[in-house]
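Subject: Structure handover

Hello,

Here is the structure I promised to pass on. Please have a look, then read my notes below.

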Amino acid sequence: RPTERQAFWTEAISRTFAPVETRPLGPATVSGHFEFVEIGAAKLVRFDSSPQCYSRDARMVSRAGSDEFMFDFQRRGRSVMRQAGREASIEPGRGVLYDARRPFEDRLYGEEQRSEVLIVTVPAATLLRALPEAERLCATPVPISGAVARTICSYVDAAICEAPTAREEMDMVAYLAALLRLADRKSVV
């Protein structure tokens, strides 16, 4: 029912990812959909929603911790990610890393009243071993325009639909670390 949509959506997101608060942006009816698969310790999600704000404050972090990093590949619409005093505006062809162990706010919106992202969630300790500077790259726009970045995005998208045996061979932490290393080099140059 329309009066229960926001509570239902918030509960579904919190059970699948990490506890968050949601609130609609504008007058659009709350709606959303996600497809979710696990590959070892990584989670891959194809996610779309009406314009909404997803936030995780310090109280939620201390009450229901999470030990993961998340990376969003923006496919449709736009988003604004805020974390640790940084703010990144993300549009299709870009992505953003954020740390679910710390407070964040992600606003998803779009001209068509829809926003779609592919999300890769990986254990924080594993990503930090592969890429010690990962925390510094949070809430920073990451281009998905180069050949390697587009290929990684395609792997994530395809892995959500592929047979489990094909998915088990994919090392999402290695892919994500490679993507972030490329973006970090470009920002230094």
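Predicted model: local features only at pLDDT ≥ 70, side-chain atom pairs only at ≥ 80, totals over all residues.

Let me start with G32, which lies in strand β2. Not counting residues up to four places away in sequence, G32 touches W9, D48, S49 and R114. R56 sits 24 residues from G32 along the chain, and their C-alpha atoms are separated by 19 Å.

**The hairpin**

Strand β2 covers residues 32-39. Its partner is β3, residues 42-49. The two pair in the antiparallel sense, over eight bridges. One of the pairings links E35 to R46 in β3. Two residues lie between the strands of this hairpin. There, G40 takes a positive phi near 60°.

**The five-stranded sheet**

Next, the open sheet. Its five strands come in the order β1-β4-β9-β6-β7, with antiparallel pairing. Which strands stand at the edges? They are β1 (21-24) and β7 (86-90). Each has a single partner strand, so one side of each is left without a neighbour in the sheet. On average, neighbouring strands here are turned by 15° against each other, direction ignored.

Within this sheet, β6 (residues 78-83) and β9 (residues 104-109) run antiparallel and are joined by five bridges. In β9, L108 is the bridge partner of S79. Helix α1 (residues 5-16) packs on the sheet. It touches β1 and β4 (52-56), and its direction makes about 140° with that of β1.

**A closer look at S79**

S79 is found in strand β6. Is S79 buried or exposed? It is buried, with a relative accessible area of 1%. That value puts S79 in the buried class because the cut-off is under 20%. The side chain of S79 makes a polar contact with the side chain of Q74, at 2.9 Å. Leaving aside neighbours within four places in sequence, S79 is in contact with Q74, A88, S89, I90, D106, R107, L108 and Y109.

**Helix α4**

Helix α4 takes in residues 147-161, 15 residues in total. From its first C-alpha to its last it reaches 22 Å, close to the 21 Å expected at 1.5 Å a residue. Which residues of α4 are buried? They are A149, I152, C153, V156, A159 and I160. These cover an arc of only 125° around the axis, which puts them on the same side of α4. An α-helix has 3.6 residues a turn, so residues three or four places apart point the same way. On the other side of α4, A147 and C161 are exposed.

**Two alanines to check**

Two loop residues are worth a line each. A84 is found in the loop between β6 and β7. A84 is not a glycine, yet its phi is positive, about 55°. At 51% relative accessibility, A84 counts as exposed, because the cut-off is over 50%.

A139 has its place in the loop between α3 (124-130) and β11 (142-143). A139 also has a positive phi of about 55° although it is not a glycine. Is A139 buried or exposed? A139 is buried, with a relative accessible area of 4%.

Best wishes

Methods
Residues numbered from 1 in each chain as written. Heavy atoms only, no water. Pairing = 2+ DSSP bridges. Helix = DSSP H or I, 4+ residues; strand = E, 2+ residues; numbered from the N terminus. Axes fitted to C-alpha atoms, helices over the stretch in contact; angles between N-to-C directions. Contact = heavy atoms within 4.5 Å. Expected span 1.5 Å × (residues − 1). Buried < 20%, exposed > 50% of the residue type's maximum accessible area, 1.4 Å probe, protein only. Arc of directions from axis to C-beta. Polar contact = N/O pair within 3.5 Å; in protein donor to acceptor, adjacent residues only side chain to side chain.
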